[in-house]
Amino acid sequence: MDLNDADDLTDYLKIQLSSLSSLITADGYELVCDQAISELGWSYPLTIPTKVSWAIKRATRHAIYLLLLASAYKFKYKQINLQHRFDHFKSLIDEMDKEFTEALTTDTALFAGVDSYKMFGTKIDAGFAYDSVGNDVTYNVDRLVNFAPLEE
């Protein structure tokens with residue numbers, strides 16, 4: 001499941017939104033996809049499954065917000081009666097934003113774009129070194145201490 005461009009994200013959105021998908025225009029889908037990707041700070045292509053999942057979730061949230069705006073005119077002032085559709089969309093957006101905020105705090109490496117081994121400073125070896133036959137070479141002038149994290 002990869003997202004190579006906004007069209008792929010739009011396809012997933014249409015499936016996710018089901019019958020509501022017909023209420024959003026092509027320009028609306030383009031806007032929603034751009035908002036989600038820019039909010040996350042990522043760019044296409046997305047190949048990591050967790051990133052794909054979050055891109056779809058955030059795009060869905062922005063699509064529901066478009067539908068919320070479209071439903072806002074159904075607010076009845078005189079009767080103080082907020083239509084159910086408006087209320088449901090609003091509660092969905094609140095839930096999605098809460099889930100996203102929790103994910104931002106628990107999975108910081110994914111959203112920061114930084115590998116976890118780069119988040120904790122440098123590694124300092126003990127400083128003791130021995131050659132292949134067991135002689136102490138700790139204080140040899142040409143010996144360098146490795147303090148960089150290893151990438152795998």
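Leaving aside neighbours within four places in sequence, which residues is Val 32 in contact with?

## A residue on the inside

Val 32 is in contact with Leu 13, Ala 59, His 62, Ala 63 and Leu 66, once neighbours within four places in sequence are left aside. Contact here means heavy atoms within 4.5 Å. The place of Val 32 is in helix α2. Helices (H or I, at least four residues) and strands (E, at least two) are DSSP runs, numbered from the N terminus. With a relative accessible area of 0%, Val 32 is buried. Buried means under 20% relative accessible area, exposed over 50%, and partly exposed in between (1.4 Å probe, protein chains only).

## What kind of model this is

This is a predicted model, in which local features need pLDDT of at least 70 and side-chain atom pairs count only at pLDDT 80 or more, while totals for chains, interfaces and linings use all residues. Residues are numbered from 1 along each chain as its sequence is written, and side-chain values use heavy atoms, with hydrogens and water left out.

How confident is the predictor? pLDDT is its confidence in each residue, from 0 to 100. The protein chain has a mean pLDDT of 79, and 73% of its residues reach 70 or more. Among its elements, α2 has the highest mean pLDDT (90) and α5 the lowest (71).

## The overall plan

The protein chain holds 5 helices and 0 strands. Of the 152 residues in the protein chain, 28% count as buried. Look also at the contacts between residues at least 6 apart in sequence: 54% of them join residues at least 24 apart.

## Two helices that cross

Two packed helices are described by the angle between their axes and the distance between the axes. Helix α1 (residues 6-17) and helix α3 (residues 49-71) have axes that come within 10 Å and cross at roughly 65°. Axes are lines fitted to C-alpha atoms, for helices over the stretch in contact, and angles run from 0 to 180 degrees between N-to-C directions. The crossing of α1 and α3 is right-handed. A crossing is right-handed if the near helix is turned clockwise from the far one by less than a right angle, and left-handed if anticlockwise.

On the α1 side, Leu 9, Tyr 12, Leu 13, Gln 16 and Leu 17 take part, and they meet Ala 55, Ile 56, Ala 59, Thr 60, Ala 63 and Ile 64 in α3. By class, this contact has 9 nonpolar, 2 polar and no charged residues. Ala, Val, Leu, Ile, Met, Phe, Trp, Tyr, Cys and Pro count as nonpolar, Asp, Glu, Lys and Arg as charged, and the others, Gly among them, as polar.

## The nonpolar core

In soluble globular proteins, nonpolar side chains tend to be buried together. A nonpolar core is a set of buried Ala, Val, Leu, Ile, Met, Phe, Trp, Tyr and Cys residues joined through side-chain atoms within 4.5 Å. The largest one in this model has 29 residues, and those with the most contacts inside it are Leu 9, Trp 42, Leu 46, Trp 54 and Phe 111. At least two residues of this core come from each of α1, α2 (26-40), α3, α4 (84-106) and α5 (108-112). Helix α3 gives the most, with 9 residues.

Leaving aside its neighbours within four places in sequence, Phe 111 is in contact with Leu 40, Trp 42, Trp 54, Phe 100, Ala 103 and Leu 104.

His 62 is found in helix α3 and counts as buried because its relative accessibility is 11%. Not counting residues up to four places away in sequence, His 62 touches Val 32, Gln 35, Ala 36 and Glu 39. Gln 35 lies in helix α2 and counts as partly exposed, at 31% relative accessibility.

Most residues other than glycine have a negative phi, and most peptide bonds are trans. Ser 18, in the loop between α1 and α2, has a positive phi of about 55° although it is not a glycine. Pro 45 lies in the loop between α2 and α3, and a cis peptide bond joins Tyr 44 and Pro 45, with omega about -5°.

Key:
pLDDT = per-residue confidence, 0-100.
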